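Have a look at the model first, then read on.

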Amino acid sequence: MADGDLILKIDPELAERLRARAEAAGQSVEAYARDVLGRDAEQSGVAEREPRWDAPLARSPEDDLDQDSEAYADYLDRICDEAERTGGVPFEVFRERLRNLGQRR
């Protein structure tokens with residue numbers, strides 16, 4: 001592999017869909033893939049090393065805790081302790097923000 005080249009391995013199902021789209025576009029698979037990846041990488045408003053706005057949200061391990069478990073209770077306690085330590089956001093302010101969520105400002 002030459003300096004700067006990148007080789008991607010994809011599963012057979014994705015490869016077949018890519019072939020079909022490339023054929024429909026009248027391009028080779030390589031040219032089509034370069035075009036798609038290039039357009040995505042050049043998307044304005046996205047800094048390098050920053051996930052795209054429509055990327056899946058990162059999940060923390062706590063997201064998968066059973067809500068009846070002791071680990072979940074400990075997690076909630078840590079959140080509350082941090083809010084008390086930093087001052088957090090008063091519930092009244094939080095409630096008002098929720099009421100206005102999605103509203104034009």
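A residue counts as buried here when its relative accessible area is under 20%, and as exposed when that value is over 50%; anything in between is partly exposed. Keep in mind that this is a predicted model.

With that cut-off in hand, start with helix H1. Its buried residues are Ala15, Leu18 and Ala22. Viewed down the axis of H1, these buried residues fall within an arc of 65°, so they line one face of the helix. Turn to the other side of H1 and you find exposed residues instead: Glu13, Arg17, Arg21, Glu23 and Ala24.

Zooming out, the protein chain has four helices and zero strands, which reads as α-α-α-α along the sequence. How much of the chain is buried? Of its 105 residues, buried ones make up 6%. The accessible surface of the protein chain is about 10,000 Å², and carbon and sulfur atoms account for 51% of that.

| Helix | Residues in helix | Reach | Expected span |
|---|---|---|---|
| H1 (12–25) | 14 residues | 20 Å | 20 Å |
| H3 (70–86) | 17 residues | 24 Å | 24 Å |

So what happens just after H3? Gly87 sits there and takes a positive phi of about 95°. Within H3 itself lies Tyr75. This tyrosine is partly exposed, with a relative accessible area of 22%. Tyr75 and Leu65 are 10 residues apart in sequence, and their C-alpha atoms are 9.1 Å apart in space.

Now for the largest pocket, which holds about 610 Å³ of space. It is lined by 16 residues, and the closest to its centre are Leu8, Ile10, Leu18, Ala33 and Leu37. Leu18 is also one of the buried residues of H1. Which helices supply at least two residues each of the lining? They are H1 (12–25) and H2 (29–41), with H2 giving the largest share, eight residues. By class, the lining has 10 nonpolar, one polar and five charged residues.

Conventions:
Residues numbered from 1 in each chain as written. Predicted model: local features only at pLDDT ≥ 70, side-chain atom pairs only at ≥ 80, totals over all residues. Heavy atoms only, no water. 1 Å grid on protein atoms, 1.4 Å probe; cavity = no way out; pocket = protein on both sides within 12 Å on 5 of 7 lines; lining within 4 Å. Points joined across faces, edges and corners; volume = space filled by probe spheres on them. Nonpolar A, V, L, I, M, F, W, Y, C, P; charged D, E, K, R; others polar. Buried < 20%, exposed > 50% of the residue type's maximum accessible area, 1.4 Å probe, protein only. Areas by Shrake-Rupley, 256 points an atom, 1.4 Å probe, with all protein chains shown as cover. Expected span 1.5 Å × (residues − 1). Arc of directions from axis to C-beta.
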